[in-house]
Amino acid sequence: MSVDYAVATETALRVVKLGTHIGARIEGVRLGGDLDPETVATIRAALNEHKVIFFQGQHHLTEDGQYEFARLLGTPTSPHPTVRSHGVKSLAIDSHHGRANSWHTDVTFVDRVPKASILRAVTLPSYGGSTTWASTVAAYNSLPEPLERLAEGLRARHTNIYDYAATAEDRPGDNERAYRREFESEYFETEHPVVRVHPETGEKALLLGHFVKQIVGVSSSESQALFRLFQDRVTRLEHTTRWNWSLGDVAIWDNRATQHYAIDDYDGGEHRKLTRITLAGDIPVGVDGVPSTPIAGDARGYSTIDPLPRAA
């Protein structure tokens, strides 16, 4: 670890880099809706640079405080496009309803992919339950030039037919089945570019993850092979960072530049619950300038479209 940079504020904010491609810990900040503009600007800059940032010791933070802090960074969405019974301001990521042990970018089955999420630990198992994030920018940058050209010409359809927060289990219980029914209560499908341009940094990132249904224009077997080829670049260990949660921890990730995976390495008697607030994002645009296209479902009730100007 290294101190990436320090900012002269009343709380002596420090950004501590955790890896070459992704991850930083921010020290000296008490999160809430009353942060000064300079601190908020530093948090934004750290998020753009490091893709996922972590804060420790935020024991004072409540759901309301988490929400007010989120508003400093953007416009909160409703908790989820279809799951409406598990929170008003935040979505409960609760192991009682399933476990998110699959690589994904949040809510890519809608056209307006969220720009960021703020996740706060509420209840943790006595062991395990960490989360790993991967930089989809680093994944793109690692591609040899022929694969860059291939990826930039591809588009993929994403759907909510699978639930990232309640993945398939051999013997799902009543809670898991009910959650999955609610998750699939309205069908969404969107066609996205496989390579999107980040609207703030101008970086190129792979837009894939477990909601991908099909690579457009190829057979099912070819789609699976292409998906695996590029998805495996995302999850290379050198493109990842892993966070072992403690109570009082908060993580913020750039959903336009990452995937994540909640590790299912704790027994059934253990309980893990975190609250997630998601910020409205833009409609992804490919290298060719063509935006994503909604195929099914209307996401206007879930989220506005982020008005941030695009990178030059």
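**Aromatic pairs in a predicted model**

Good morning. Please bear in mind throughout that the structure before you is a predicted model.

With which residue does F188 form an aromatic pair? The partner is F109, and the two rings are tilted, with 5.9 Å from centre to centre and 45 degrees between the planes. This pair links distant parts of the chain, since 79 residues separate its members. F109 lies in the loop between β5 and β6, whereas F188 lies in the loop between α5 (174-183) and β9 (189-193). F109 is also buried, at a relative accessible area of 0%.

I turn now to the wider set. The structure holds seven aromatic pairs. Among them is that of W103 and Y261: the ring centres are 5.5 Å apart and the planes meet at 55 degrees, so this pair counts as tilted.

Y261, at 24% relative accessibility, counts as partly exposed.

Two further features deserve mention. F54, W133, W243, W245 and W253 together form one aromatic cluster. Finally, there is a charge over a ring: K89 lies over the face of Y67, at 5.1 Å from the ring centre.

Thank you for your attention.

Notes:
Residues are numbered from 1 along each chain as its sequence is written. This is a predicted model: local features need pLDDT of at least 70, side-chain atom pairs count only at pLDDT 80 or more; totals for chains, interfaces and linings use all residues. Side-chain values use heavy atoms; hydrogens and water are left out. Rings of Phe, Tyr and Trp (its six-membered ring) pair if their centres lie within 6.5 Å; planes under 30 degrees apart count as stacked, over 60 as edge-to-face and the rest as tilted. Buried means under 20% relative accessible area, exposed over 50%, partly exposed in between (1.4 Å probe, protein chains only). Helices (H or I, at least four residues) and strands (E, at least two) are DSSP runs, numbered from the N terminus. A charge sits over a ring if NZ of Lys or CZ of Arg is within 6 Å of the ring centre and within 35 degrees of the ring normal.
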